[in-house]
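Subject: Structure for you to look at

Hello,

Here is the structure I promised to pass on. Please open it beside this message, as my notes follow below.

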Amino acid sequence: MRLSVRLRLALPVAVLSCSAFVMTPAFASVQAPEGAGRSGAAGAATAACTYPDSTAAVPHVQRYIHCYTPAQIRAAYGVDAVGERGDGQTIVLMDSYGTPTGAHDLQVFHDRFFPNEPDPNFSEVYPFGRPNFKHGTGNGQSGPAAAAGWAGEATLDIEWAYAMAPHAHIVLVGVPVAETEGVQGFPNLFKAISQQVAAEPPGTVFSMSFGVTEETFAGAAAQQTSRFDAVFRQGIAKGDTFFASSGDSGTLGVAKQHRETATYDHPTVGWPASSPYVTAVGGTQLQYGWTWDPTSDVPFTASGDFNPDYFNWTSGGNTNVVWNESWLPAATGGGPSTIYPRPSWQQGVLPNQGNHRLVPDVAWNAAVNGGVLVYTSFFPDVNRVGWHIYGGTSAGSPQVAAVTALAVQRAGHGLGNINPAIYEASGSWFDDVLPVHQGAPGVISGELTSNQMFDYNGDGVAVTLDPVTGWPVLPGYDMTTGWGTPRSPEYVAGLAGP
């Protein structure tokens, strides 16, 4: 298959679910498809991606799919201009199951990209017991069947939180059962979060790469989310800060019916990203040193190879566009909440959108074509050992969380809920993301102006927009990329204060 859905998109794409709620790896991570292009279709002579280890190279992917190293992402978002490295800070990453090879894989990542830094300060916490999976295959949506997808998400979170704050204490918390599009997994997850709030020092930053469509809560939404929001308030009271990825399916919400194959006929958003106690991270496509220039809407040829006309690109450029990749298809989540009223700190934006909490608040690179390099060695029976390209809003959440930990270090105290400060800054700490058309006139895929999902008309070729409408990309705040992507020096200085 060209692309697999895993947690909040990490180049395969996936959906997480939980017990009382259903979380799906659709809020997961997406991994670049390694099954396409096997015949070696002709294309650009210059590789789009260079893997750190040539023995793990996947030429048909590297020719067309761009990737980034930590140095490139740090330069693109100005992280290198921030003096802090995360000393004395704690970043907690919440994932279903976790990964059996997290420490090893992070060490490989360190040795390749940060050889002059001390070894990582990494811990794993399995409050309900460490899963004893021997492989990543099986039936169903949880257990071994979901373990490989979650292991990929956990590895992405670990390595890229570390990439932004290499001196911080990185803590992975793995909790069964897998969150699917329901809520059965939330009680364990939030019990574990509450335990970590009590165990970790004030000012800890949490990142959550999971979520469910708000409609999953049905008539019990206010009661159930209030229980979980109490855990966020517990952390905020001691200076902790919480981040969540906004989702990878645009406004198209997955329903728990029919084993998550059904979708809602109206725009939706995901929870916990919609909680006002959480900073929601939406997605962009960072085009750093290249510019996408499609001349076709057809991403794959009849034989399954990458189509050079769709993936055509030119050298040069440095911009963020809204993340909406028709070839996956996947797009940044965002929109108005159906659960929460408008928080006071959000009163000044999009006044015509009613009295609802709006999502997301900020954005970061989430693209698969322009994803980040991740080293994995878990479950080699189903996942090739070596370097992979990952994307999804679940790639953005741990990175923004880690940059925020740099602000906590500079401030010398915890920041708590940073949303009021973000909205008071009114975009002055961010690079705004604006609507664009890329490529030849008439190429629908290049119309990057909203988070309305793209569809294929049953033939895998003809591209149209999904019937469920999206939200437009606007100057200033919008419900696709929030205020935009952080300019790290201004963001850190602004949050830390004088």
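A salt bridge here is a side-chain nitrogen of Lys or Arg within 4 Å of a carboxyl oxygen of Asp or Glu. This is a predicted model, in which local features need pLDDT of at least 70 and side-chain atom pairs count only at pLDDT 80 or more, while totals for chains, interfaces and linings use all residues. Residues are numbered from 1 along each chain as its sequence is written, and side-chain values use heavy atoms, with hydrogens and water left out.

The structure holds 8 salt bridges. One of them joins the side chains of R357 and D361, at 2.8 Å from N to O. Both residues are buried (under 20% relative accessible area; exposed is over 50%, partly exposed in between; 1.4 Å probe, protein chains only).

Another salt bridge links D431 and R487, at 3.2 Å from N to O. D431 is in strand β20 (residues 430-431) and R487 is in the loop between β25 (485-486) and α9 (488-496), so this pair ties together parts 56 residues apart in sequence. Helices (H or I, at least four residues) and strands (E, at least two) are DSSP runs, numbered from the N terminus. D431 counts as partly exposed, at 37% relative accessibility, and so does R487, at 25%.

R487 also meets E490 in a salt bridge, at 3.3 Å from N to O. E490 is partly exposed, with 34% relative accessibility. Through shared partners, D431, R487 and E490 form one network of salt bridges.

Regards
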